[in-house]
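I opened the model to look up a few things for my notes. The entries below go from the whole chain to single residues.

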Amino acid sequence: MSRHELAVGAHVAPEHPVEDAEALGADCVQVFLSDPQGWRKPPARADAEELRGSDLPLYVHAPYLINVCSPKNNVRYGSRKILQQTCEAAAEIEAAAVVVHPGHAEDGIRAGVDRWVRTLDMLQTAVPLYIENTAGGDNAVARRFDALARLWGAVSEAETGAEIGFCFDTCHAHAAGEELSDAVERVLAIVGRIDLLHANDSRDPPGTGADRHANLGKGEIGADVLREMIRAANAPVICETPGGAKAMRADLAFARSALDA
C-alpha cells in the first residue's frame, strides 16, 4: 500500500466512535472497550451491529494494567483473562486489531518472554493482536530494541493460532532513549513490518521513561524527526495526543502531510 492510501485517525472516547471519526475527519479510530486501569470484563455494546457494519477501521487498545510477564500469579492470570476477554469483545465488533503493552518481569526479561510464549499458547482470538513497544519500566520486554528483538524472536516461533502484529509508538521509543533518526529502520529489521503507528510527540526529554504525549511538532521529539518516522513506518496512523477536536484535527493534518511528502 502506498503512503497516500494509508488511514490516519485518532484515539477517541468509546461511546460514539463512528460519529467522532466523522467529526474529526478521521479514516480510522482507536478506543478502549473497558476501563484502561481496571480488570472488569468489557461490557456488551448496544452499537455492536452498527460497528460491524461500518467501513471504519476500529482498533482496540487493551487495558494498560495487563502484564502477562509478571511472576506474580494473580497479576499474570488476571492479565491473561482480561486480554482474552478484550479480544473476544473486539471480535464482536469486528475490530481491526487489539493493541497491547507487553509488560515487564521483575525476575528478568528472559522469564517475561517465556511467559509471553505461554500466553500465546493459551490465547484464542479471531482478531489480530498487535504488540506495542513501551516507554519505561525495569525489565520491560519491549522498551529497548534489544529486548524487543528477544521477545519478537520468541513470539514469532510460538505455537499459536493468533495473528501477531506490531504497533510502533514514537513517543515510547523517545522515552526509552532510542536514537530516533533510524529507529523505524531498526524496528523493521526486527519485526519485518509495522502494522500500526502510534504517532505521538513527547512532553519530556529523551530517555526519561515518561509516557506523556504531546501534539505533533509541539514536543521534544521535533517536527522533522516525526515526519520522517511517519513516512518510514508506512503504516496506518493513530494519534493519541491531548487536547480537543481542533488540536486533534491539526495532528491528523500533520500526519497526512508527512505521508504525502
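**Entry 1: ground rules.** I took helices (H or I, at least four residues) and strands (E, at least two) as DSSP runs, numbered from the N terminus. On that basis I count 9 helices and 10 strands in the protein chain. The model is predicted, so local features need pLDDT of at least 70 and side-chain atom pairs count only at pLDDT 80 or more, while totals for chains, interfaces and linings use all residues. Residues are numbered from 1 along each chain as its sequence is written, and side-chain values use heavy atoms, with hydrogens and water left out.

**Entry 2: the whole chain.** I checked the radius of gyration, taken over C-alpha atoms, against the globule rule of 2.2 Å times the number of residues to the power 0.38. For 261 residues a compact globule would come out near 18 Å, and the 17 Å of the protein chain agrees. The C-alpha atoms fill a box of roughly 45 × 45 × 30 Å along the principal axes.

Next I looked at burial. Buried means under 20% relative accessible area, exposed over 50%, and partly exposed in between (1.4 Å probe, protein chains only). Of the 261 residues, 54% count as buried. For surface I used accessible areas from the Shrake-Rupley method with a 1.4 Å probe; for residues, only the protein chains shown count as cover. The chain exposes about 11,300 Å², and carbon and sulfur atoms supply 47% of that.

Then contacts, meaning heavy atoms within 4.5 Å. Among contacts between residues at least 6 apart in sequence, 75% join residues at least 24 apart.

Charges came last. Lys and Arg count as positive, Asp and Glu as negative; His and the chain ends are not counted. I placed each charge at NZ of Lys, CZ of Arg, CG of Asp or CD of Glu. There are 25 positive and 39 negative side chains, and the centres of the two sets lie 5 Å apart.

**Entry 3: parallel strands.** Two strands pair if DSSP finds at least two bridges between them. Which way do strands β2 and β3 run? They are parallel, and 3 bridges join β2 (residues 29-31) to β3. Val-29 stands opposite Leu-58 in β3.

I followed β3 (residues 58-61) onward. It is joined to β4 by 3 bridges, and these two run parallel. Here Val-60 faces Val-98 of β4.

In a regular strand the side chains alternate between the two faces of the sheet. In β3, Leu-58 and Val-60 point one way, Tyr-59 and His-61 the other, and all are buried. In β4 (residues 97-100), Ala-97 and Val-99 take one side, Val-98 and Val-100 the other, and all are buried as well.

I also looked at β5 (residues 129-132), which pairs with β6 in the parallel sense over 4 bridges. Ile-131 has Phe-166 as its bridge partner in β6. Strand β6 (residues 164-169) has 5 of its 6 residues buried, so it is largely enclosed by the rest of the structure.

**Entry 4: two positive phi values.** Glu-94 sits in the loop between α3 (73-92) and β4. Its phi is near 55 degrees, a positive value in a residue other than glycine. At 54% relative accessibility, Glu-94 counts as exposed.

Asn-234 is in the loop between α8 (223-233) and β10 (237-239). Its phi is also positive, about 50 degrees, although Asn-234 is not a glycine. With a relative accessible area of 37%, Asn-234 is partly exposed.

Entry 5: Where does Glu-178 lie? I found it in the loop between α6 (170-176) and α7 (183-191). Glu-178 is buried, at 9% relative accessible area. Beyond four places in sequence, it touches Arg-143, Arg-144, Phe-145, Ala-173 and Arg-186.

Asp-195 lies in the loop between α7 and β7 (196-198). It is buried, at 11%. Asp-195 and Ala-235 are 40 residues apart along the chain, yet their C-alpha atoms are separated by 5.7 Å.

Ala-21 belongs to helix α1 (residues 17-24). It is buried too, at 4%. Leaving aside neighbours within four places, Ala-21 is in contact with Ala-26, Val-29 and Leu-56.
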